[in-house]
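Here is a colleague's note on a structure, written for someone new to reading them. Please keep the model open while going through the points.

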Amino acid sequence: MKDIDWGKLGFHYTEPEYIVRSAFHDGVWEEPYATKDKYLHLHVQATCLQYGQEAFEGLKAFRGIDGKIRLFRWRENAKRMAKSAEGLFMAPVPEEIFGRAIHLALEKNLDFVPPYGTGATLYFRPLLIGTTPRLGVGPGRDFEFIVIPSPIGPYYPGKFHCTSFIVNRYVDRAATYGTGQFKVGGNYAASFRATEAAHNMGMDCLFLDARYHRYIDECSAANFIGIKRKGDEIEYLTPRSTAILPSITNNSLMTLAKERGYKVTRRHIRLEELAEMSEAAACGTACVISPIDRVLDPEKNITYSFGTEPGPILTELYRALKDIQYGRANDSHGWCEIVDL
């Protein structure tokens, strides 16, 4: 195991020993191979540079309480990357190529899998880029698939805590029927004007739908969750939109919520409904759940508050998913693949 202070790792890139690559030429994917070369040799007219023909993913490997390494739902990432590829007219990476690349990246970087109990994990960034040189606007026919591993620390240094958000109405991260449903770099670049302004205020950015600026869309680069209570009924609310990324974490949390008897609803959520929620959060691979303590709407001069500590329902779901990922609870859904290396 590498001599790394695992307990002090943040959510930042740490150079691994190997990355894994596979190229697509003449309609065929080559066998993934490991290399220490972290640099690309790209033509300046490559479609990824000229026209943004690029997609990526994010997933993790966990060292469990039993010492075994678990990959969490990597096949769902493979499926989502294939949809992103199709959305940008790229050659989808076959699931078997995706899987072999992830497993090879893990095998060649075993010393970078953090010990159990440190809060750190091995993160994988699968990347797909168009490499065909083109001057005229159009898709490429050549592609490269790369898996970049990096050990990372917990999203929250120290403890599970709340974040404040500010409502944004002046930047649209993705059009209603654009690329928001795909995991492509352009969506994130389009959000920077708003997210960096929010970060400078010590907050994060809540995006509304691009058509009406009326409904909750995304929490910065993550899905939104709201919890409503009506008597004994607990409702887990999350937006339904053609402009947001289908989150594998959100999907997993919805399954766990249903198992606990909570009502799970996906629909348009008006911003004003925040006043009816007892808890709210962003969710995604990096943080699992990022509870929200308040949402500021500067145009309406309204602040929606949810308390300074994570609420009981979101805390329960957070712990339930983490317990599965670390082997502390029964994985009845078969979400984790135990890797025998």
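Predicted model: local features only at pLDDT ≥ 70, side-chain atom pairs only at ≥ 80, totals over all residues.

The numbered points below take one part of the structure at a time.

1. Strand β8 and its partners. Strand β1 (residues 19–25) runs antiparallel to β8 and is joined to it by 5 bridges. In this pairing, arginine 21 is opposite isoleucine 146 of β8. Strand β7 (residues 121–130) also pairs with β8 in the antiparallel sense, over 10 bridges. Here tyrosine 123 is the residue opposite serine 150 of β8.

2. Proline 149. This residue belongs to strand β8. Is proline 149 buried or exposed? Its relative accessible area is 0%, so proline 149 is buried, the cut-off being under 20%. The contacts of proline 149, leaving aside neighbours within four places in sequence, include Tyr13, Thr14, Pro16, Leu122 and Phe124. Tyr18 is also in contact with proline 149. The two residues are 131 residues apart along the chain, while their C-alpha atoms are separated by 7.9 Å.

3. The whole structure holds 10 aromatic pairs. In one of them, the ring centres of phenylalanine 24 and tryptophan 29 are 5.1 Å apart and the planes meet at 55°, so this pair is tilted. Phenylalanine 24 also pairs with phenylalanine 143, again in a tilted arrangement, with 6.0 Å from centre to centre and 45° between the planes. Phenylalanine 24 is in strand β1 and phenylalanine 143 is in strand β8, so this pair ties together parts 119 residues apart in sequence. Through these ring pairs, Phe24, Trp29 and Phe143 are linked into a cluster.

4. How much relative accessible area does phenylalanine 24 have? The value is 12%, and phenylalanine 24 is buried. Tryptophan 29 has 14% relative accessibility and counts as buried. Phenylalanine 143 is buried too, at 3%.

5. Glutamine 53. This residue sits in the loop between α1 (47–50) and β4 (54–56). With a relative accessible area of 5%, glutamine 53 is buried.

6. Glutamate 273. A loop residue, glutamate 273 lies between β14 (263–267) and β15 (279–284). Its relative accessible area is 4%, so glutamate 273 is buried. Which residues does glutamate 273 contact, leaving aside its neighbours within four places in sequence? They are Lys228, Leu237, Arg267 and His268.

7. Helix α5. This helix has 12 residues, 248–259. At 1.5 Å a residue, α5 should span 16 Å, and its end C-alpha atoms are 17 Å apart, which agrees. The buried residues in α5 are Ile248, Thr249, Asn250, Ser252, Leu253, Met254, Leu256 and Ala257. An α-helix has 3.6 residues a turn, so residues three or four places apart point the same way. It is worth looking along the helix axis with that rule in mind.

8. The ends of α5. What caps the N-terminal end of α5? Serine 247 does, with a side-chain oxygen 3.3 Å from the backbone nitrogen of threonine 249. After α5 comes glycine 261, whose phi is positive, near 85°.

9. Charges over rings. Two cases can be checked by eye. Lysine 108 lies over the face of tyrosine 18, at 4.6 Å from the ring centre. Tyrosine 18 is also among the contacts of proline 149. In the other case, the charged end of arginine 214 is placed over the ring of tyrosine 212, 4.8 Å from its centre.

Key:
Residues numbered from 1 in each chain as written. Heavy atoms only, no water. Helix = DSSP H or I, 4+ residues; strand = E, 2+ residues; numbered from the N terminus. Expected span 1.5 Å × (residues − 1). Buried < 20%, exposed > 50% of the residue type's maximum accessible area, 1.4 Å probe, protein only. Polar contact = N/O pair within 3.5 Å; in protein donor to acceptor, adjacent residues only side chain to side chain. Pairing = 2+ DSSP bridges. Phe/Tyr/Trp six-rings, centres within 6.5 Å; stacked < 30°, edge-to-face > 60°. Lys NZ or Arg CZ within 6 Å of the ring centre and 35° of its normal. Contact = heavy atoms within 4.5 Å.
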